[in-house]
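Consider the charged side chains of the protein shown here. Which of them pair up, and how exposed are the partners?

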Amino acid sequence: MSEIRIAGTVDDSIVDGEGLRYTIFVQGCPRRCPGCHNPETQCFEGGRVVSTDELLAEIEANPLLTGVTFSGGEPFMQPVPLVEIARACHGRGLDIWSYTGFTLQELHARHDTAVEALLSEVDVLVDGEYREGERDLTLMFRGSRNQRIIDMKASRKQKRLVLLYQEEENEQSA
């Protein structure tokens, strides 16, 4: 059991990834993106501290869930407890989505074993900072056009970056 500082949770989200999801909003983000959707999650001292066991019990209580989403704040600022949650969720057959204001390349460049451990557990990564000037409400599961939805499982298997919703990417480059 670990502890994690969170801003809150949503028991049954359909907007934080595919399927019915339990979303954990971690507390603390260094990015401070203008127009942030969750500015109350930016302060590292805010929110509340909970145990990973408490969160896992809430997840287990809903047999209809298809997955768990890590949002924020910035999940990659608290990778250790999220790895614990992700592994337990995978053991229950749930998939893991994570949002991050960092790009995948920026996360790898940190050379942080805990960050790499979390990346290895994430099935889908929505990466990139929110950019107010690229806001687009028609996009699936993201707020601005620069953000990518990366199929991490396929990317690991194919040893190359694989995006979900490829047709959106093609429309952007057209």
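This report covers salt bridges in a predicted model.

## Overview

The model contains ten salt bridges. Side chains of opposite charge can pair when their charged atoms come close.

Arg87 pairs with Glu121. Their closest N and O atoms lie 3.2 Å apart.

Arg87 has 48% relative accessibility, so it counts as partly exposed. Glu121 has 14%, so it counts as buried; the cut-off for buried is under 20%.

## A network of charges

Salt bridges link Arg31, Glu106, Glu129, Arg131 and Glu134 in a network. One of its pairs is Glu134 with Arg131, whose closest N and O atoms are 3.2 Å apart.

Which class does Glu134 fall into, buried or partly exposed? Its relative accessible area is 24%, so Glu134 is partly exposed. Arg131 is partly exposed too, at 38% relative accessibility.

## Asp136 and Arg145

Asp136 forms a salt bridge with Arg145. Here the closest N and O atoms are 4.0 Å apart. The criterion for a salt bridge is within 4 Å.

Asp136 is buried, because its relative accessible area is 17%. Arg145 is partly exposed, with 33% relative accessibility.

Note on methods. Residues are numbered from 1 along each chain as its sequence is written. This is a predicted model: local features need pLDDT of at least 70, side-chain atom pairs count only at pLDDT 80 or more; totals for chains, interfaces and linings use all residues. Side-chain values use heavy atoms; hydrogens and water are left out. A salt bridge is a side-chain nitrogen of Lys or Arg within 4 Å of a carboxyl oxygen of Asp or Glu. Buried means under 20% relative accessible area, exposed over 50%, partly exposed in between (1.4 Å probe, protein chains only).
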